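Reader: I'm new to this one. Could you show it to me and walk me through it?

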Amino acid sequence: MDNLSLDKARLSDSLRISILLKTVYIQAYAIEGITFEFANFIEEKFSKEKIEEKIKENPDNLLVCHCNGNPIGIAEIIYNSECPIRKIATPELGKLYVLERFHRTGVAGHLMQKVEEITRLKGYKELNLEVWENNLKAIKFYEKHGYKLLGKVDFPMETNTYVNLVMNKVFK
Ligand SMILES: CC(C)(COP(=O)(O)OP(=O)(O)OC[C@H]1O[C@@H](n2cnc3c(N)ncnc32)[C@H](O)[C@@H]1OP(=O)(O)O)[C@@H](O)C(=O)NCCC(=O)NCCS
């Protein structure tokens, strides 16, 4: 693929990251169309202003993969997270979103490798993540990268509650 790069998110990327997150979210989860709860969720969580806030507060935590200078994938690391199953402090992969057009090209694998490398360099020994139990593509992807099931948690939204798998990888 042409001219790929992987860097920390810059403030000037905020609008495009916001659009990327909204697009990938809807492609992945809106299996019954754009419900109110999904529309409200992405407007709140993935607004340009929220992304700007995140980048200003924790400039190291968002990684962006660009193709020819344009964002195509993003990963977020949350260091001050707690494992919902074991109730202990555990860093978490908060997001791994790649535009559908760039799936199966290794972009997600590249982001995952970088996330693990950075987390390890900071001295952490493991990484957690949550994934919706029906997101089979992502579950396969995480299993391929060595993540194992720890348990399940509820993810309540406005009207529906979704079940997420909690997965974990202990670094070698
Ligand atoms: C999950 C996601 C990041 C994986 O991206 P990707 O570009 O397919 O990943 P890569 O090309 O790096 O890796 C491909 C691996 O993922 C898994 N995979 C991806 N798509 C798959 C599919 N349709 N069926 C089965 N396995 C799949 C396989 O293990 C595959 O390895 P293989 O090609 O050797 O079989 C991507 O599907 C995505 O952004 N989905 C929408 C957002 C999302 O669900 N994020 C995770 C939320 S927790």
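Author: Gladly! This is a predicted model, where local features need pLDDT of at least 70, side-chain atom pairs count only at pLDDT 80 or more, and totals for chains, interfaces and linings use all residues. Residues are numbered from 1 along each chain as its sequence is written, and side-chain values use heavy atoms, leaving out hydrogens and water.

Reader: How many cavities of 30 Å³ or more does a search of the whole structure find?

Author: On a 1 Å grid over the protein atoms alone, a cavity is a set of points where a 1.4 Å probe fits but cannot get out. Searching the whole structure for cavities of 30 Å³ or more gives a count of one.

Reader: What is the volume of the largest cavity?

Author: Grid points are joined across faces, edges and corners, and a volume is the space filled by probe spheres set on the points. For the largest cavity, this comes to about 50 Å³.

Reader: Which element gives the most to the lining of the largest cavity?

Author: Lining residues have an atom within 4 Å of a point, and here they include Asn-128, Leu-129 and Glu-130. Strands are DSSP runs of E, at least two residues long, numbered from the N terminus. With three residues, the top contributor to this lining is β5.

Reader: Which residue has a backbone N or O atom 2.8 Å from a nitrogen atom of the ligand?

Author: A polar contact is a pair of N or O atoms within 3.5 Å. Val-98 has a polar backbone atom 2.9 Å from a ligand oxygen, while the 2.8 Å distance to a ligand nitrogen belongs to Leu-96.

Conventions: A polar contact is a pair of N or O atoms within 3.5 Å; within protein, one must be able to donate a hydrogen and the other to accept it, and residues adjacent in sequence count only if both atoms are side-chain atoms. On a 1 Å grid over the protein atoms alone, a cavity is a set of points where a 1.4 Å probe fits but cannot get out, and a pocket is an open set with protein on both sides within 12 Å along at least five of seven lines; lining residues have an atom within 4 Å of a point. Helices (H or I, at least four residues) and strands (E, at least two) are DSSP runs, numbered from the N terminus.
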